[in-house]
Structure formats: C-alpha cells, structure tokens
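Thank you all for coming; I would like to take a few minutes to walk through some surface and charge features. Please have the sequence and the structure open as I speak.

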Amino acid sequence: MLKVERRSLICVLLAMVLFFGLMYYVLKLSLNGEEWATFEGNMLVYTNGQINRGSVYDRNDVLLLDCNEEGITFNENAKIRQALVHTSGDIYGNVSTGILSSNKGALIGYDFINGVYTRDNEGEDIKLTLDANACKVAYEALGYHNGTVGVFNYETGEVLCIVNKPAFDPIYLNNVEGAYFNTFLQGTVVPGSTFKVVTTIAAIENIENIEEFNYNCDGNSDINCSYNHGNVDFYLAFAKSCNGAYGEITNELGASMMTDYVKKLGLTNSYNIEGINTKEGEFLFSENENALAWAGIGQNMDRVNPCSMMILMGAIANKGEAVNPFFIYNSEKIFNSQNQSLGQMLNKDTAKEVEAMLKNNVVVTYGESNFDELDIYAKSGTAEVDNQNLSNGLFTGYIKNEGYPYAFFVFVENGGSGSSSAGSVAKKVLNELIN
Amino acid sequence: MGITNFDISIYTDVVRWIFVFLAMYILISNLQSLLTTRVTPEVWAYLNIDEKYSIPITHWENVIGRSSSVDLRIKNKTVSKNHGILMRNSNGTWNYEDLDSTNGTLINYKAVNYRETVTCEIGDKIQIGGVSCTLFPISLEEKKNNESLREKDKSPISPWRILLAISLFQMLTVVQLVISLGDGYTSMISLSMLGLMVLMWTYVLGFRMMGSRGFELELIAFFLSTISLAIVASSSPDLIFKQFIAIFIGLVVLIIMCLYLRSLKRSKITRWLLVLGSVGILIINLIFGTLKYGAVNWLELGGVSFQPSELVKVAFVWIGAATLDELYKKRNLNLYMIFSGFCLICLAIMGDFGTASIYFVAYLIISFLRSGDFSKFTLTFGGAVLLAVMVVRFKPYIANRFSAWRHVWEYSDSLGYQQTRTMSATANGGLAGLGAGNGMLKNVAAADTDLVFGMVAEEWGMIIAILLVICIITFLLFSTMSIVTGRSTFYTIVACGATSILVFQTMLNVFGALDLLPLTGVTFPFVSNGGTSMVTSWAMLAFIKATDMRKNSSLAIKNKLVNVGYSQEEDYNA
C-alpha cells in the first residue's frame, strides 16, 4: 500500500499541471482581458461590426458620440465632428488615437473584476476634459491651413483642446490624405525659433553672467537673421529671435550640454497620454561647421512633438514642475494618468527667469494689445521647410489669467510668420476658453 | 412580461454576487471537509518480530520487507527488500505469498515455495529470512479502543446547510433564467431544476436514514450538475430535460456501482466481463458508428445515441485495477497493456484523438501505479510523443487541425474561431459573470460542451469557473489521501485512475478552449452538455466513494456500526 501511495504522487503532479495552467491563464486574462473583450468577434459588444455600447461627452456634457445596437451616432454639428475626430475616432477604427480604437475597453466598460457587465448593457459614459466648442473654434481658426492646436491646464493636466488638420467628418467615408493622423500626439514638426526656449533654459543654468551677454547682429553671420538686429543683449536676442546671437550661445553650451537639455526638458521623450504614446522628438546635427548652431535655433534636422512642447511650456508656467496631460475624466472603470506630476523639469528660479523673458517677447515683439485681456507668455517660431513657398508658423506659451492656467501649442502649416498666423489662432481659442 | 427593465437589471446586479458567495460556501465547506479528514487506520493484527516488538498491520494487503517503501518493515539483512505479501481473507485468516526472496520464508517451519500461497492463522510462526515472526491477534478491548478512536475522527460535514444552499442557488438560477431568456424560457427548465432538487434531497435523506454520513462528493457532483443544467438552459433549452434524465441515470449508476464495489472478489472477477464487453462495444462502434463533429464515436440504439468510448472509460479504469499480489505478476500488467493498445487503436480509427489521449494518460498512470517503473513510464510517454510528432509530420491534414494552436488570434475567423470567442467570453464575464443566459458564447458551436469552461466563465464568472476546476482536483487529492487507510490496492488504483482521468479530461477541455492546448473536443466532467458524459462522470464518482474509509461515510463500504468486533470484512471476499 505504501508503495502505491508514493506512486500516486504522479497523480498529484497531474493535478498541479491543471491548477497552475489555469492560474497562468488567469494571469494572461488580467493582462489581455481588455483586448479580448474588445475583439470584434465579441458578439456581446459588437453589432454588425460596430461597438454597441458606451458614449463620449465633452467637459460641458456635449455629446460627441453614442454607441448602441442601431450603430454609432456622432454630434450633430459637422465642425465639432471634424474638430474632434482625432479624439473621438471613427467607426472603422482608422484614427488610432480615437476613443473608438484606443479606449474601446473604457467605452464598453471593461474591467477585470466585472468584465463587460454594466447594468442594462449600457457601457460607460466617458467624459472628456476637452471643450468641444473651443476645439471647433480652433478648427475654424486654422481656416484653409493644415496644422495642429493643443491647450491644457498646466496645474491639473486636463487637456482642453486637441485639434488636427487635415481632418474629416466621421459620418462620411474619408478621402483626405493624412486625415487619420493625430499630429499633436503622434507627429513631430520643425520647431523653428520656439526651440530657442530650450537654449535659453540651458544658458540661464550654465552660462555665468548670461545677463551680460552682448551680440552685435549685422544680419550677415553664417547663422543669418532676416533683419539686422543691431546690438542685442540676452533678453532682446530672445525677443527678436536673433539667430546669430543664439548660434553663438549654442556653440558656447556645446553639443553634449544641448543634447542633455533637450532630453531633460522632455522633447526627446515619449509621454503616455491615455495609453497613447507620443512621438519622440529628434535633436540631431551633423559634424559640419555650424550644424550645432543651426540645431540650437530649432532649424535643420530638429523635430519636436507638439504635445511635448506644450508640456514644457506648462512646466515653465508651473514653477518648473511638469504635469502629464490627460483627456478622460476618471470614471470608476478607467485608469488614467490624472494629476500625475512628472516632477521638477527645470528649477524654480530658471522658470521665473524664462517667464520674464517670455513676457518680454510679448511686450517687445508680439504686442500685448494683440491679445486682448490675455495675460500671455509666449515664443513664436517660423520654420522654413524645403519645397514650400510659405514657412510654417508656430506659437507656444501659456496664460496666467486667474482661474485659467492654460499652456498651448499652435502650429500652422504655410502660415508664414508664427506670431501673426499661429498667434491669432491661439488668441481665438484661449478667448473662447476664458469666456 | 410585466417587469420593467430596471427591476430586471437590479436582480442580476445583486444576484450574480450572491451566486459567487453561495458557490464559495458550498464548495469550500465540502472541499475543506474532504481535505482535512484524518482517519485512524484500523488495526487488523500484529506482526511480532523476534518476540521483541510488534508492528500493527493496518492494511488488508501488505508487503513485508527491508526497504523503506514496504508496509511491514523488518530491518534485518537476511530479509529481502520486498520479501513477501500478507493479505487478509474474509474469515480472518491470512494469505502469505513469497516474492522470490533471497533467504525464503518458513511458515510453521515449512518452506514456502515460489508462487505458492499459504494460508496462515493468528498465532502461526512465520520465519522471514533470519527473523522469526508471529501473527498476534488484537484483543477485544483493543478492538473497542480502536472503534472509539475512530469515533473521534473528524466526522464528515453535515449535509443539511449545504443542501439548503444548493437549493437556494437552484431557485435563484431559475429566476435569473426567467429574466434573461425572456420568451426563450420553457417550463422544462423549471421542471428539470426542480427534479434535480428533489433527486438531491431524496438521495441524501434516504441514505442518511440508512446511516450514511459522508455526502461531500455527491454534493459537489450535485452542484456541478446544477451549473450544467443552467448552461444547457442557456445554450440549448430543448435539451435540458434530457440532461436531467442523464443526471438521474448517473445517480442510479453511482448507487449500483457503490453497492457492487463493496465486494472485492466480485469486483475482481467482473474485470473479465468488462474486457469482453468493452472489446465488443468498441467493435460494434467501429462497424455501426455514426460520424459527429469529425469523429465516428457515436452509436445509435433504439432512438438513443451515445458515445461507447465514454462508457468504456469506466471499464478501462476498472480493468486496470489490481490487488497487491497481482501487482507482482507481470502477466497481469501485460494483459492490461494489450487491452489498452486495442482501445487506443479503435479510438484512432474513430478519429477521436481527444478521448484517445485520455485513455493513454489513464494507461500511463495506472500502469505506473501498478509497477512503479519510472523508466518504462518515461519511455512510453516519450515514445507516444515521438509517434504523435511523426503523425503530425507525415499527415499534413492532421497537422492542419493544430496549425492554429497558440496562434488563434491570427485565425480568429477560421481555425481559431471557437477559441478566440471563448477567450473573449472569459473576459466578458469578469469575476462574477454576466448572469445565466446573458452570455454571447452560447451562440458559438459546441459552446456547452467543448467550450463549456468559457460559457461558465462568461455567465457565472471566473471565480465559479475556477472553483469547478478545483472540485475536480479535490476529487483527485481526496483519492490519493485515502490510500493510507485503503483496504486494497484495487480500490486505490481504481480511485486514482478515475480521478486522474477526470483531471486530465478537465485539462484537455479547459486548456483546449483557452488555446493552451489544441482544441480536441472532450467534455468537462459533470458540467458539459451530453448524456453519456454525465453518466460516466457519476460512475467515476463511485470509484472515489470506494476508497472513502471514513467511518460510515461511504455507500461503497459496508456499514459496520452494529458489528464492532467484525468490521467491514463480511463483503470483502463475499
């Protein structure tokens, strides 16, 4: 009997295989459950290939889309539909950053504990932090230009506006090339002079007596300016966006220092915004003479992701502390990065100094009166791109109006001068948000 | 229906968690009772060694020898590692058989020849090698002591609360099905569930009155059957009454088998009948079988169709079992090997690879339990794997069936259709499920058989689904734990073989549906829709009951409260 008892261990072994195999599956389920639940073959949550539950609202409870057994319906206003298509998504899941593809699990109300169980199979009501009307204004302000606009609250991380053009109307089939692409999160642009913010921060923290900096711009150096800026100090070089002066500062900082700062300020990072990874920027330069200087003023091979630039601006405004943006309000079933501090991106004193310089830009160059009541701090940029008649306009910064701590990034393709093209888009959107 | 949607959803909202807690209560209290049992072994006699000390003999079948794995160990160099076997007869005498020991055995000074069985009585001298032993009786007082010790053993959990919990579970399930199925609800569902409830109470009350106490195994089976009815109600309501009848037949088979297994002699002789019957029915299946789901393993008889290979599974375990003396006879194992080979060939011809692999694993385990030959075990296993690889290699159409394995998401609308839906369903259900009748998997082919784990996980939740698997595992653990007090290796092997089959079958069913193994289309014991599978599962339960040596707990072991001095043995060799 004892012999048989010992041999029966083989049976126990068999039982253990069953048990641990099952536990392995449960582990797999906890990792992939959302993907499996949102699989198109799941007849419970799909009707005729379309998700049949859940709806999406903006911050003011404006309905953006509603999924039910009859199909998916979108907002009635065509402009709102187009302005928000990159956030809400389309029926066929072509817009990869849309809720309809990137946050399907949240939409159907999936979680590990309850599965897709919701009372009466209603799915989830997802409330976005976005303001549909502000997005519409941004979309309209871009006019016939392509471009991208983003605004977020740099204290809380709530994103108020993400608009990309080209866009399309999700109730029709799209035939516009590039319209599925969310440039703001997934793309990069040539930053032009907006990149001088990075060089400025590095200079404040690393060049002694930078306040005594002086440069005589004759407009004809190797790193040329479009105007003869004359004699400029550090503040004025930033406000006038003097390439010659910034070329010199960049060379003084050196390649490794510049590379470190670009990384430290998050421009070559990828951020996770509601499960979407933003595209990393690039800071590359060849061995050629002046290549580093060109890179230091945001031309040449530099690329930045619009969202990462907006985060940097938010950090300057927020006394150096960066905050991760999010665009879905926490509901029970959604895990997100709400109020997630990214830590101190630059030190407090530096932030204060850069802030003064950004204000100076507005006062000296862009004109405070052009921005109505906005307490605005900004840097413009103009990026020349090959094979293009007009350069791309950029405008990024933040406002400090009471109760409206918003940072923004605006990019207008072929917009020409940054402060006038992109600046006016920024003004319209911010005014809409404030009023 | 007069009930608003709002009311309905509240019901499911609450009840789906109540189901989880009820199931946990029912199953965990049963499992705990089974797995924490401590049994005082009964002492049948003593073996006195050199008039110095005595070893209690606690089994009916004992190996005497020097090695650490024998039952009666004599540490003396003149004793062989496995010297001889001492087996008890019904009349209180003992049979001794020498295992070709080096120094031989003398009984009452007479040498025991090789392969000779000598009957000896209490008081007889047994010279084992250079050690002289005597069979000592146990005194009447000791017998009584023993009895009172056994009285103190932890008794099985009382069945009444659990019965009430299962009944509540069944009633709540019926209401849930009324809500979720709407117009699809038929009165057959309530009738079948009520039938099961009546069956359950009648069984427990009836046998309790006759003195039985241990009902954990049956209660678990009744619970599993309840889930089975709910699954069938959801996926194929027309078949529910048939499923209830299968449970009824299964229960009757359990009772008959338990009573039949009481006599070891009868059980042993029956093996030959079973071999004949099995061979016959498999051959009939090969000739007259009908094709269903890609395998010719169905037989139709008088309007009832069933799977002979399922029924033969029960016989397969029975035939494989052997008493201790048989374990030392090679011929016996060889015959079993031939029989197993025959069964496997038949199943291969039928194209039923799932069941074939179950038979094969059962053969491996039973032959290992019998021989303890690990190298042979690995060799057979390795050979089979090699054979399988070769078959897959040279028969591309078979390989094709497995090509989606581990890649089902790439074949989600072809070969991986069922598995991907099953995995999706397990995600849908979460921990507490969507409520009986609310799933989507029920619309997929074979949802209530091959994919039943997915259906349970979707409609009842992952917690209950896991509990069902744990129940099957507990059957096995209980069987291995009972070996210590087992009367005969016959019952031990039968129980371990049967529960290994249940465990392996569950593994194929669950892992196949979840793409951890290729989908082979076998059933989940007690839960899958299907009459033959249900009856077989209950029959297997009889084998487990046959090892349950707890006092008055098993129907398969004759109650002996009345007869203190003369325990259990009346039927042993009847």
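This is a predicted model: local features need pLDDT of at least 70, side-chain atom pairs count only at pLDDT 80 or more; totals for chains, interfaces and linings use all residues.

A:E355 forms a salt bridge with A:K400, and the closest N and O atoms of the two are 3.1 Å apart, where a salt bridge is taken as a side-chain nitrogen of Lys or Arg within 4 Å of a carboxyl oxygen of Asp or Glu. Because A:E355 sits in helix α15 (residues 348-366) of chain A and A:K400 in the loop between β16 (392-399) and β17 (406-412) of chain A, the pair ties together parts that are 45 residues apart in sequence. Helices (H or I, at least four residues) and strands (E, at least two) are DSSP runs, numbered from the N terminus. With a relative accessible area of 15%, A:E355 is buried, whereas A:K400, at 32%, is partly exposed; buried means under 20% relative accessible area, exposed over 50%, and partly exposed in between, with a 1.4 Å probe and protein chains only.

Residues are numbered from 1 along each chain as its sequence is written, chains are lettered from A and ligands numbered from 1 in the order in which they are written, and side-chain values use heavy atoms, with hydrogens and water left out.

Over all chains, the structure holds 14 salt bridges. Another of them joins A:K127 to A:D61, with the closest N and O atoms 3.5 Å apart. Here A:K127 lies in strand β6 (residues 125-127) of chain A and A:D61 in the loop between β3 (55-57) and β4 (63-68) of chain A, so this pair ties together parts that are 66 residues apart in sequence.

What does A:K359 form a salt bridge with? Its partner is A:E368, the closest N and O atoms being 3.8 Å apart, and A:K359, A:E368 and A:D375 are linked in a network of salt bridges. In this pair A:K359 is buried, at 17% relative accessibility, while A:E368 is partly exposed, at 41%.
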